[in-house]
Protein chains: 2
Amino acid sequence: MSLPFKKRVVIIEDDQEIRESFNLIVNSSQRFAVVGAYGNCEDAIAALNRDKPEIVLMDIELPGMNGIKGTQIIRDKNSSTEIIMVTVYEDSDLVFEALKAGASGYITKSANYTELLSALEEIVRGGAPMSSRIARMVIDNYHINPNSPLTKRETTILQLISEGKTYTQISEELFISKETAKTHIKNIYSKLQVNSKSEAIAKANHDKLI
Amino acid sequence: MSLPFKKRVVIIEDDQEIRESFNLIVNSSQRFAVVGAYGNCEDAIAALNRDKPEIVLMDIELPGMNGIKGTQIIRDKNSSTEIIMVTVYEDSDLVFEALKAGASGYITKSANYTELLSALEEIVRGGAPMSSRIARMVIDNYHINPNSPLTKRETTILQLISEGKTYTQISEELFISKETAKTHIKNIYSKLQVNSKSEAIAKANHDKLI
DNA sequence: TTAATAATCACCCAAACTTCGGTATAATTC
DNA sequence: GAATTATACCGAAGTTTGGGTGATTATTAA
């Protein structure tokens, strides 16, 4: 069964009704063809070499392996496969985990006919389909926390720490003594309640202080 | 001049023609009103307390202070002001700098009537207007590099390092001896050509190894 | 305008942790 | 079988951290 000119799509979704519905919608388009529809990642991954999908529509909550782990594995086997998460969750942590795992789009299960197909079109065009809320969540994730407890100087020094600089390098770059750099860093540690550079970096990234 | 129910918009753009054009488009909407249009950030910032904009349309390339620095300053003065970058550049570094500075949207100067207004609407709705390419750039920025020189174990350990863990903590978490953790870390350093935890974290983040 | 507070700078010592340079053996993977 | 990966140990040198002390310069509040 060769399907020239049509993009090969695999659906991984445990709810049979939704799976069938997506199947019909995707197949209704001249540009896409469902080459496999599975209720779990394990089956889908086992069939990957046969299905050779260009695009995967992936649920997050699945029996057995979840969609995030599944995304990791599929991307690991073929990094040119584009994965769109299709989920009820717009919970912050899950979104970022899915993106880190390799997803290129994130839409909700409430997506209708048009939304689903335009997400597929958007992926083919080299874009990244997302709902408004997800887009905002992703953008906000870049923003620096305006309520940082650190002073301007401390923030500068934390920035240099995060770039991997030593006490000596920091002092040279800021034209202050090594001891002064040390004092600032001690104050940073006390404010962030950490006690090493790496911990400070972890906290700074998590709290978006730099 | 009070403008109830209309969102207050400030335009910062040095090309007078474009500035006038945006002015007309924004004012043509019942939902928005331009309360200030400036050719540089300095003037716009000086007038902030009078203009009190809810939304700023900001050019990047400007005489004097550039749009990224301007974004930082405006957000610093009032973090509820939403800033949309309007620019010819879709260059990767500039995009991320603008986002880090506090921008919530990123559209190109080629934006037409509809695109400009729908970007404004999208911001009001709490979204983050972006072109396809920008959205993809942002999403790809989360993806882990599949060409990492590190082994699986080394990647795990680098992950723990980035979480601020010490040698001892790492060894305990992975049920290996402290000396083994040390060996792995030495190998990581040699592969990444760094020689401290913080430098390794910096490189890992930059090269998207974790 | 003074008083208080915050920010920035600087130094000392001891303890703890990290890094460098080796060596070496199972267990896997190719 | 050869190469890679994961495991483990030792000691010396270097860096970082914790606990103090103290001074000068903004900045803010009374």
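Tutor: Buried means under 20% relative accessible area, exposed means over 50%, and partly exposed lies in between (1.4 Å probe, protein chains only). The model here is predicted: local features need pLDDT of at least 70, side-chain atom pairs count only at pLDDT 80 or more, and totals for chains, interfaces and linings use all residues. Residues are numbered from 1 along each chain as its sequence is written, chains are lettered from A and ligands numbered from 1 in the order in which they are written, and side-chain values use heavy atoms, with hydrogens and water left out.

Student: Why is A:Arg136 called buried?

Tutor: A:Arg136 has a relative accessible area of 12%. That value is under 20%, so A:Arg136 counts as buried.

Student: What makes A:Arg136 and B:Glu82 a salt bridge?

Tutor: The rule asks for a side-chain nitrogen of Lys or Arg within 4 Å of a carboxyl oxygen of Asp or Glu. In this pair the closest N and O atoms are 2.7 Å apart. The pair therefore passes the rule. A:Arg136 lies in helix 7 of chain A and B:Glu82 in strand 4 (residues 82-87) of chain B, so the pair joins two chains. Helices (H or I, at least four residues) and strands (E, at least two) are DSSP runs, numbered from the N terminus. Both partners, A:Arg136 and B:Glu82, are buried.

Student: Which residue of chain A forms a salt bridge with B:Arg136?

Tutor: A:Glu82 does, with the closest N and O atoms 2.7 Å apart. The rule finds two salt bridges across the interface of chain A and chain B.

Student: What makes A:Arg136 and A:Asp140 a salt bridge, and where do they lie?

Tutor: Their closest N and O atoms are 3.0 Å apart. A:Asp140 has a relative accessible area of 35%, so it is partly exposed.

Student: How do you know that B:Lys191 and B:Glu154 pair up?

Tutor: Their closest N and O atoms are 2.8 Å apart, and the pair forms a salt bridge. This pair links distant parts of the chain: B:Lys191 is in helix 10 (residues 178-192) of chain B, B:Glu154 in helix 8 (residues 152-162) of chain B, 37 residues apart.

Student: How do you know that chains A and B touch?

Tutor: Contact means heavy atoms within 4.5 Å. 35 residues of chain A are in contact with 35 residues of chain B. The area buried between the two chains is about 2700 Å², and carbon and sulfur atoms give 58% of it. Buried area is the accessible area (1.4 Å probe) lost on being put together, summed over both parts. In chain A, A:Arg136, A:Ile139 and A:Tyr142 lose the most area to chain B, together 25% of what that side buries.

Student: Which helix of chain A supplies the largest share of the side that touches chain B?

Tutor: Helix 5 (92-101), helix 6 (113-124), helix 7 (132-140), helix 8 (152-162) and helix 11 (197-206) of chain A each supply at least two residues of that side. The largest share, six residues, comes from helix 11 of chain A.

Student: What makes a set of residues the largest nonpolar core here?

Tutor: A nonpolar core is a set of buried Ala, Val, Leu, Ile, Met, Phe, Trp, Tyr and Cys residues joined through side-chain atoms within 4.5 Å. The largest such core has 67 residues, and A:Ile12, A:Met58 and B:Met130 are among those with the most contacts inside it. Helix 5 of chain A gives the most to this core, with six residues. Apart from it lies another core, of 37 residues, including A:Ile201 and B:Leu209.
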